[in-house]
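Please consult the sequence and the model shown below.

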Amino acid sequence: MSFILKKKYGQNFLKDENILNKIYKLIPPKSLNILEIGPGDGKLTDKIILKKPNLLTLVEIDKELFLSLNEKYNNYKNIELVNSDILKFNICRKYQLIISNLPYNISSQILVKISLLKNNPDFLILMFQKEFAERILDKKLNAINALVKCFYDISPGFNVSKNCFQPIPKVDSSVLTFKKIRKKIKNTEINDFLYFKRKLFSQKRKSLKRVLKDYKINENIDLSLRVENLDLEDFIKLFRAINF
């Protein structure tokens, strides 16, 4: 497959066969509806096909790559190709698995979108910039994991050297796996929860007492703490104690 790389799409294609096989082994061995974000040159797609998915939807923003993928997979009845920006694509179908080597520059936006889907997938296998993956896994709360952990249990997979990609990026990557849990916040609470999360983490150096000075809080929570010192259960308890 011959193509011109486009920097604006953050294209770094995974070439290492060993890493591709390690990702392949993480995919559950049953007929699934799978969404792959940014299949690129199709190297990972070829591995996913070996799992015989019931449906495989490929969302590729690059028109040139989309045309090449369409030519490559047009004989597969279980493959659906979409030429779209994933952040604008309406994910209305129920997928059991979403898998991707995510573009570094929009990783957080995509992860938030997936987490907030009404029918969010049962499993995610996602590759991130290593530093961002560490933020997601951090035991301390931060602006991203305080949301995602309301919907998924997150497990470390393995690290991936920058030398496994073409072109070679400046940093290493990490693969994480996500397993859906019973939602810790209700669909009707999401908008208020997002506002609450932004409010607290935009002032994360201040104590909770200072950030929430305009609210009356009856819960037994130490307000001298900063938001990052709360565990997720107390964070949610504090959210529900405030009447927005």
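With which residue does lysine 184 form a salt bridge? The partner is glutamate 233, and the closest N and O atoms of the two are 3.2 Å apart. This is a predicted model, in which local features need pLDDT of at least 70 and side-chain atom pairs count only at pLDDT 80 or more, while totals for chains, interfaces and linings use all residues. Residues are numbered from 1 along each chain as its sequence is written, and side-chain values use heavy atoms, with hydrogens and water left out.

**Salt bridges**

- The structure contains ten salt bridges, a salt bridge being a side-chain nitrogen of Lys or Arg within 4 Å of a carboxyl oxygen of Asp or Glu.
- In one of them, the side chains of lysine 72 and aspartate 46 meet at 3.0 Å, N to O. Lysine 72 belongs to helix H3 (residues 63-73) and aspartate 46 to helix H2, so this pair ties together parts that are 26 residues apart in sequence. Helices (H or I, at least four residues) and strands (E, at least two) are DSSP runs, numbered from the N terminus.
- Lysine 72 is partly exposed, with a relative accessible area of 37%, and aspartate 46 is also partly exposed, at 31%. Here buried means under 20% relative accessible area, exposed over 50%, and partly exposed in between (1.4 Å probe, protein chains only).
- Arginine 93 and glutamate 80 form a further side-chain salt bridge of 3.1 Å, N to O. Because arginine 93 lies in the loop between S4 and S5 and glutamate 80 in strand S4, the pair ties together parts that are 13 residues apart in sequence.
- For the pair of lysine 184 and glutamate 233, with closest N and O atoms 3.2 Å apart, the places are the loop between S9 and helix H7 (190-201) and helix H9 (residues 232-241), respectively, so parts 49 residues apart in sequence are tied together.

**Positive surface patch**

- Arg135, Lys140, Lys204, Arg205 and Arg226 gather in a patch of positive charge on the surface. Patches consist of residues with over 30% relative accessible area and no salt bridge, like charges being joined within 9 Å and nonpolar side chains (Val, Leu, Ile, Met, Phe, Trp, Tyr) within 5 Å.
- Arginine 135 is located in helix H5 (residues 130-137) and is partly exposed at 37% relative accessibility.

**Backbone and loops**

- Most residues other than glycine have a negative phi, and most peptide bonds are trans.
- Lysine 52 has a positive phi, near 55 degrees. Its place is the loop between helix H2 (43-49) and strand S3 (55-60), and lysine 52 is exposed at 65% relative accessibility.
- The peptide bond from glutamine 166 to proline 167 is cis, with omega near -10 degrees. Proline 167 lies in the loop between strand S8 (165-166) and strand S9 (173-180).
- Serine 84, in the loop between strand S4 (79-83) and strand S5 (97-101), is buried with a relative accessible area of 18%.

**Cysteines**

- The count of disulfides is zero, a disulfide being a pair of cysteine sulfur atoms within 2.5 Å.
- Cysteine 150 is buried, at 0% relative accessible area, and cysteine 164 is buried, at 10%.

Key: Accessible areas come from the Shrake-Rupley method with a 1.4 Å probe; for residues, only the protein chains shown count as cover. Lys and Arg count as positive and Asp and Glu as negative; His and the chain ends are not counted. The place of a charge is taken as NZ of Lys, CZ of Arg, CG of Asp or CD of Glu.
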